[in-house]
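Hi everyone, and thanks for coming. Let me put today's structure on the screen, and then I'll walk you through it.

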Amino acid sequence: MYTVGTYLAARLSQIGLKHHFAVAGDFNLVLLDELLKGKELEQVYCCNELNCGYAAEGYARACGAAAAVVTFSVGGLSAMNAIGGAYAENLPVILVSGAPNTNDRATEHLIHHTLATHDLSYQLEIARRLTVAAVAITSAIDAPHQIDHAIRTALREKKPAYIEIACNIAAAPCAEPGPISNVVAEELSDPESLDAAIATADEFLRGKRKPVLLIGSKLRAAGAEQQALELAEALGCAVAVMAAAKSFFPEEHPQFAGIYLGEVSTHQAREIIDWSDAVLCIGTIFNDYSTVGWSAMPTGSVLIADSERVYLDGHDFARVCLRDFLSGLARKTEKQDATMVEYKRVHSEPLLESPATPDAKLTRTELMRQIQGLVTSDCTIVAETGDSWFNGLRLKLPAGARFEIEMQWGSIGWSVPATFGYAVGAPNRRIVAMIGDGSFQLTAQEVAQMIRRKLPVVIFLINNHGYTIEVEIHDGPYNNIKNWDYAGLMQAFNAEDGHGLGMRATSGAELADAIEAAVAHHDGPTLIECIIDRDDCSPELISWGRLVARANARPPSPQ
Ligand code: DPX
Ligand code: MG
């Protein structure tokens with residue numbers, strides 16, 4: 001016999017989840033008991049609900065979807081930042097919240113953890129704004145339908161969903177789950193729209209001489225990485241990647257032309273985008289950051305192919321799945337490799353950094369040189385908001401290496417719990433996180449959960465004594481932070497039974513020793529606190545910061 005909670009557990013397993021993340025609270029305790037009955041679904045605990053949401057967000061990056069279970073209001077509202085992040089980053093995270101007893105609604109009762117008003121709908125209302133489906137379950141009869149609706153919508157749209165379950169309904173008997181196909185069946189392209197989009201795009205390309213492909217971060221959500229490769233190879237043109245999409249097109253591929261980020265592009269991506277006469281933008285997001293303060297955006301002839309829409313030259317085709325469009329166009333189009341020929345002419349390999357003198361003070365350049373040595377094909381790099389973005393973007397990725405960045409939402413603190421969640425979801429990958437001191441202070445305690453689960457994550461904690469990215473955008477006393485003994489924290493988190501390793505590196509030699517110890521350490525995370533100067537930031541950050549500051553400072557336009 002199924003209950004609302006075991007029904008939910010069954011559905012989460014059926015969509016492929018092996019874990020769900022949780023923080024306990026009296027409104028979800030019975031629900032957590034029911035979820036524990038799903039033997040194929042392990043319950044993984046977090047230190048707080050913001051981290052729980054981010055852990056699920058990281059897990060969804062590794063596994064395609066995720067669930068976080070929290071208590072009402074005090075938990076749910078904390079998780080909302082992460083849910084906003086999952087929306088912005090196109091990740092189907094299911095937020096499940098316990099809720100007050102159904103008998104306490106529409107009565108004179110006031111309930112703890114709430115605003116001390118009789119309105120208990122505010123969390124659902126907020127969730128409606130931050131998810132693509134938000135349901136409140138107050139009847140076991142409706143539960144299967146509501147749960148399926150929320151999960152189905154999240155999976156289809158690659159966005160978060162919200163399921164609120166009253167605490168006295170979680171263990172109520174309900175119908176058993178029907179075939180999972182109704183939840184996971186994929187949206188198909190409209191055949192006529194698809195054909196028309198392909199034919200128009202083909203004609204568009206035939207009228208150009210120098211097309212180039214630009215890959216964006218929505219490509220992975222659309223499940224179309226392979227198809228983008230097919231189109232790239234059919235055209236034979238140069239392929240640039242936006243920063244938020246690093247690793248979504250193989251960097252070792254001969255057509256890879258670098259990361260397009262305006263003035264701070266890598267390789268010669270900017271030259272080749274500017275030289276081209278048509279840019280095929282695939283799953284791209286152009287915002288103030290990715291256009292470097294609106295200074296770099298393909299204009300002129302562009303074709304935009306999004307998850308379910310293609311538009312170009314006054315045409316707009318809806319219900320066209322990106323995968324179908326890319327592989328259909330790949331079959332139809334002819335080779336157009338002028339941008340590749342030109343790219344080969346302008347391309348110059350970046351110089352390899354030579355090792356610093358071992359005892360010299362540690363610099364960012366030496367730090368990145370050594371991190372590069374850890375990047376193998378089974379590695380995932382997680383780059384936190386801060387100069388870690390720009391440092392990470394410069395890393396060379398061998399085939400198979402992945403790169404995770406939260407560039408649209410950009411909420412500092414994301415990476416600690418997201419790395420934890422990712423490591424739970426991808427236990428066979430080597431996970432290397434680059435995290436600034438300021439960001440770490442938001443969510444540091446989640447390292448304790450890595451210790452609890454013995455996850456051999458390697459964290460480079462870059463201690464440059466403050467919010468350096470903000471220093472470059474606009475400086476003031478608010479960019480200085482209280483220093484911590486970051487390496488020493490590991491001992492505190494270990495307490496009596498943990499095996500986390502904390503080390504500090506102030507020179508290249510110390511860093512090399514620490515990395516050697518980290519690689520040999522298998523029964524817990526290693527945090528290497530890397531001390532660098534406050535002004536030792538990437539030149540890319542300085543250029544980017546200036547242009548972003550200029551965009552922020554534009555006066556209001558006259559009405
Ligand atoms: C802020 C940012 O130390 O990295 O390399 O020193 O910049 P760097 P740190 O982690 O500092 C991060 C800091 C304060 N951004 O420079 S990027 C504003 C901000 C944000 N998210 C949230 N609050 C404030 N991005 C949640
Ligand atoms: Mg810092």
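Before we start, a word on naming: helices (H or I, at least four residues) and strands (E, at least two) are DSSP runs, numbered from the N terminus. What you see is a predicted model, where local features need pLDDT of at least 70, side-chain atom pairs count only at pLDDT 80 or more, and totals for chains, interfaces and linings use all residues. Residues are numbered from 1 along each chain as its sequence is written, chains are lettered from A and ligands numbered from 1 in the order in which they are written, and side-chain values use heavy atoms, with hydrogens and water left out.

Let's begin with ligand 1. Which helices each supply at least two residues of the shell around ligand 1? They are helix H17 (437–443) and helix H19 (468–473). A residue is near a molecule or strand if one of its heavy atoms lies within 4 Å of it. There are 16 residues around ligand 1, and Asp437, Gly438, Ser439, Ile469 and Glu470 come nearest. Sorted by class, the shell has three nonpolar, 10 polar and three charged residues. Here Ala, Val, Leu, Ile, Met, Phe, Trp, Tyr, Cys and Pro count as nonpolar, Asp, Glu, Lys and Arg as charged, and the others, Gly among them, as polar.

Now some individual distances. A nitrogen atom of ligand 1 sits 2.6 Å from an N or O atom in the side chain of Glu470. For Thr468, a backbone N or O atom is 2.9 Å from an oxygen atom of ligand 1. Asn464 takes part through its side chain, with an N or O atom 3.0 Å from an oxygen atom of ligand 1. On its own, ligand 1 has 590 Å² of accessible area, and the protein covers 79% of that. Those areas come from the Shrake-Rupley method with a 1.4 Å probe; for residues, only the protein chains shown count as cover.

Next, ligand 2, a magnesium ion. Along the sequence, the donor residues follow the spacing D-x26-N-x1-G. Asp437 in helix H17 and Asn464, in the loop between strand S19 (458–463) and H19, are 27 residues apart, and the pair links distant parts of the chain.

Are these two buried or exposed? Buried means under 20% relative accessible area, exposed over 50%, and partly exposed in between (1.4 Å probe, protein chains only). Asp437 counts as buried because its relative accessibility is 1%, and Asn464 is buried too, at 8%.

Let's move on to helix H14 (residues 364–372), where Arg364, Glu366, Leu367, Met368, Gln370 and Ile371 are buried. Those residues pack against helix H15 (387–393), strand S18 (430–436), S19, helix H21 (508–520), strand S21 (526–531) and helix H22 (539–552). Contact, by the way, means heavy atoms within 4.5 Å.

Two loop residues come next. Thr284 is in the loop between strand S12 (278–282) and strand S13 (302–306), and its 7% relative accessibility makes it buried. Leaving aside neighbours within four places in sequence, its contacts include Leu214, Lys218 and Asp306. Asn90 is in the loop between helix H4 (76–88) and strand S5 (93–99), and at 9% it is buried as well. With residues up to four places away in sequence not counted, Asn90 touches Lys158, Lys159, Lys218, Ala221 and Ile285.

Last stop: Arg323, in helix H12 (residues 322–332). Arg323 is partly exposed, with a relative accessible area of 26%. What does the side chain of Arg323 make a polar contact with? The partner is the side chain of Glu186, at 2.4 Å. A polar contact is a pair of N or O atoms within 3.5 Å; within protein, one must be able to donate a hydrogen and the other to accept it, and residues adjacent in sequence count only if both atoms are side-chain atoms. The backbone oxygen of Gly223 also lies 3.5 Å from a polar atom of the Arg323 side chain.

Note on methods
Donors = N, O, S within 2.8 Å, 3.2 Å for Na, K, Ca; no water.
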